[in-house]
Amino acid sequence: MKIKRAFLIVVILSLLFCGAANSLVIEVYFSPNGGCADRIVSLLDSAKSFIDVAMFSFTSRELARALIRAHERGVRVRVLLDRHQAEERFSKGRYLAKRGIFVVYDRMPGLMHNKFCVIDSKIVITGSYNWTASAEKRNQENLVIIHDSKIARIFERRMEYLLKLNVPWWKRLLQGS
């Protein structure tokens, strides 16, 4: 109850200080069992044109299915995963790729430790929350959802940069990137 009250206060203060002209709305969730996965699914299910995901670890069957539903209704879906996800037994990378979703494994030095999703140039999902069952049920994680087109465009540019590092130009052309 305290989290919901704090969330409402943050939203009200954001609206007051940002003014009616700026539509910035921020949602905050925590796990375990804080509704993170349910909220992500609802946002993925509402996507109209595209979903870009950069995720360090992705093993959630529920979130993978939501991406597949989006893809099946014509939403462009692109997923960038850390290279270790290529061999991870429960990673959803292969599962998504087999269903026609554009999946790329990072090949740069170091970890691809990003955890963000951009939806329709309007919404950013970010935070420490990996898209895993452990993040939802066991780990102490945070999830921040930002409804703001300016911030979404910043994350879109980052996704394009990450894809340019990891995907040859001709493959990006074929994918419409």
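Select Asn33 first: in this predicted model the residue is exposed, with a relative accessible area of 61%. Asn33 sits in the loop between strand 1 and helix 2. Check its backbone: phi is positive, about 55°, although Asn33 is not a glycine. Most residues other than glycine have a negative phi, and most peptide bonds are trans. Step back to Pro32, which is found in the loop between strand 1 and helix 2. The peptide bond from Ser31 to Pro32 is cis, with omega near 15°.

**Strand 1 and Glu27**

Now select residues 25-31, which form strand 1, and pick out Glu27 within that strand. Is Glu27 buried or exposed? Its relative accessible area is 6%, so Glu27 counts as buried. Show the side chains of Tyr29 and His147 as well. The side chain of Glu27 makes a polar contact of 2.7 Å with that of Tyr29. Another polar contact, of 2.5 Å, runs from the side chain of Glu27 to the side chain of His147.

**The whole chain**

Zoom out and colour by secondary structure. There are 7 helices and 7 strands, and along the sequence they follow the pattern α-β-α-β-α-β-α-β-β-β-α-β-α-α. Of the 177 residues, 42% count as buried. Among contacts with a separation of 6 or more, 71% are between residues 24 or more positions apart.

**The largest core**

Select Ile51, Phe58, Leu67, Val79 and Trp131. These are the residues that touch the most other members of the largest nonpolar core, which has 34 residues. To see where this core comes from, display helix 2 (36-46), strand 2 (50-55), helix 3 (61-72), strand 3 (76-81), strand 5 (115-119), strand 6 (123-126) and strand 7 (141-147), the elements that each give two or more residues to the core. For the second core, which is separate and has 16 residues, select Ala54, Phe102, Met112 and Val167, which are included in it.

Return to Trp131 and show what surrounds this residue. Leaving aside residues up to four places away in sequence, Trp131 touches Ile40, Leu44, Val53, Met55, Ser57, Phe58, Thr59, Ser60, Leu63, Leu67 and Cys117.

**Aromatic pairs**

How many aromatic pairs does a search of the whole structure find? The search finds 2. For one of them, keep Trp131 on screen with Phe58: the ring centres are 5.4 Å apart and the planes lie at 80°, so this pair is edge-to-face. Phe58 is in the loop between strand 2 and helix 3, while Trp131 is in the loop between strand 6 and helix 5 (133-137), and the pair links parts of the chain 73 residues apart. Both Phe58 and Trp131 are buried.

Next select Phe116 and Phe155. Their ring centres are 5.1 Å apart and their planes are at 65°, so the pair is edge-to-face. Phe116 lies in strand 5 and Phe155 in helix 6 (residues 149-166), so the pair ties together parts 39 residues apart in sequence. Phe116 is buried, with a relative accessible area of 2%.

**Helix 3**

Select helix 3 on its own. The helix has 12 residues, which at 1.5 Å a residue should span 16 Å; the end C-alpha atoms are 16 Å apart, which agrees. Which residues of helix 3 are buried? They are Leu63, Ala64, Ala66, Leu67, Ile68 and Ala70. Past the end of the helix, stop at Gly74, which follows helix 3 and has a positive phi near 95°.

Move to Arg89, in the loop between strand 3 and helix 4. With a relative accessibility of 67%, Arg89 counts as exposed. Draw a distance to Thr59, 30 residues away along the chain: the two C-alpha atoms are separated by 8.9 Å. Then select Lys92 and Tyr95. The charged end of Lys92 sits over the ring of Tyr95, 5.8 Å from the ring centre.

**Last stop: Asp120**

Finish at Asp120, in the loop between strand 5 and strand 6. Phi of Asp120 is positive, near 55°, in a residue other than glycine. Asp120 is buried, with a relative accessible area of 13%, whereas Asn33, where the tour began, is exposed.

Note on methods
Residues numbered from 1 in each chain as written. Predicted model: local features only at pLDDT ≥ 70, side-chain atom pairs only at ≥ 80, totals over all residues. Heavy atoms only, no water. Core = buried A, V, L, I, M, F, W, Y, C linked by side-chain atoms within 4.5 Å. Buried < 20%, exposed > 50% of the residue type's maximum accessible area, 1.4 Å probe, protein only. Helix = DSSP H or I, 4+ residues; strand = E, 2+ residues; numbered from the N terminus. Contact = heavy atoms within 4.5 Å. Polar contact = N/O pair within 3.5 Å; in protein donor to acceptor, adjacent residues only side chain to side chain. Phe/Tyr/Trp six-rings, centres within 6.5 Å; stacked < 30°, edge-to-face > 60°. Lys NZ or Arg CZ within 6 Å of the ring centre and 35° of its normal. Expected span 1.5 Å × (residues − 1).
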